[in-house]
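I opened my notebook today to look up a few things in a protein model. Here is what I went through, entry by entry.

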Amino acid sequence: PGRGDKNGTEAVSFHELGHGLTSHIGDKMGISSFDDAAKTIVDNAYKSSGGKNGTKSWAGKISGYAQESYAECIAEAVSDWYCNGSRAANESKAIMTELKRYA
């Protein structure tokens, strides 16, 4: 995703924060597998946003890299949301809403 007014270091830091949030929230959900936690988070965000054409296509609206895996989808969404705020992709906003449910 675009970086808004953030620099590359900030964008990468937010991306990595997304991985940390996935792990932390997975623990709160009682899901020990990082990949299973990421899949659950993305699936829930996809459903709540009325996503269509599958999660991979949906993730592509965040970035190409977000299509690599559920974990990367979350990390890219977190970076998009922090870097772009209200201009972030709706899919990123849906993932952030799902993450905030466990804050």
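Predicted model: local features only at pLDDT ≥ 70, side-chain atom pairs only at ≥ 80, totals over all residues.

**Entry 1: K6 and D5.** I looked up K6 and saw a salt bridge with D5, where the closest N and O atoms are 3.1 Å apart. Is D5 buried or exposed? Its relative accessibility is 66%, so I wrote down D5 as exposed. K6 has 24% and therefore goes down as partly exposed.

**Entry 2: K39 and D43.** Next I checked the pair K39 and D43, whose side chains meet in a salt bridge at 2.6 Å, N to O. Where do K39 and D43 lie? I found both in helix α2, which covers residues 34-48, and they sit four residues apart, about one turn of the helix. For K39 I read a relative accessible area of 36%, so K39 is partly exposed. D43 has 16%, and because buried means under 20%, I put D43 down as buried.

**Entry 3: E98 and R101.** My last pair was E98 with R101, a salt bridge whose closest N and O atoms are 2.9 Å apart. E98 has a relative accessibility of 4% and so counts as buried. R101 reads 54%, which makes R101 exposed.

**Entry 4: charges overall.** I also looked at the charges of the whole protein, 12 positive and 13 negative.

**Entry 5: the fold.** How many helices and strands are there? I counted five helices and zero strands. Along the sequence, I wrote the pattern as α-α-α-α-α. The C-alpha atoms fill a box of roughly 35 × 30 × 25 Å along the principal axes. I then compared the radius of gyration with a rule: for 103 residues, a compact globule would be near 13 Å, and the protein has 12 Å, so the two agree.

Entry 6: Of the 103 residues, I have 42% down as buried. The accessible surface comes to about 5,400 Å², and 47% of that belongs to carbon and sulfur atoms. I also looked at contacts with a sequence separation of 6 or more: 55% of them join residues 24 or more positions apart.

**Entry 7: I74.** I74 lies in helix α4, residues 70-84, and its relative accessible area is 0%, so I74 is buried. Which residues does I74 touch, leaving out those up to four places away in sequence? I listed G18, T22, A38, I41, V42, I95 and L99. From that list I looked at A38: I74 and A38 are 36 residues apart in sequence, yet 7.2 Å apart in space, C-alpha to C-alpha.

**Entry 8: N53.** I finished with a backbone check. Most residues other than glycine have a negative phi. N53 has a phi near 75°, a positive value in a residue other than glycine. I located N53 in the loop between α2 and α3 (55-59). With 71% relative accessibility, N53 counts as exposed.

Terms used:
Residues numbered from 1 in each chain as written. Heavy atoms only, no water. Helix = DSSP H or I, 4+ residues; strand = E, 2+ residues; numbered from the N terminus. Rg over C-alpha atoms; globule rule 2.2 N^0.38 Å. Buried < 20%, exposed > 50% of the residue type's maximum accessible area, 1.4 Å probe, protein only. Contact = heavy atoms within 4.5 Å. Areas by Shrake-Rupley, 256 points an atom, 1.4 Å probe, with all protein chains shown as cover. Lys, Arg positive; Asp, Glu negative; His and termini not counted. Charge placed at Lys NZ, Arg CZ, Asp CG, Glu CD. Salt bridge = Lys/Arg side-chain N within 4 Å of Asp/Glu carboxyl O.
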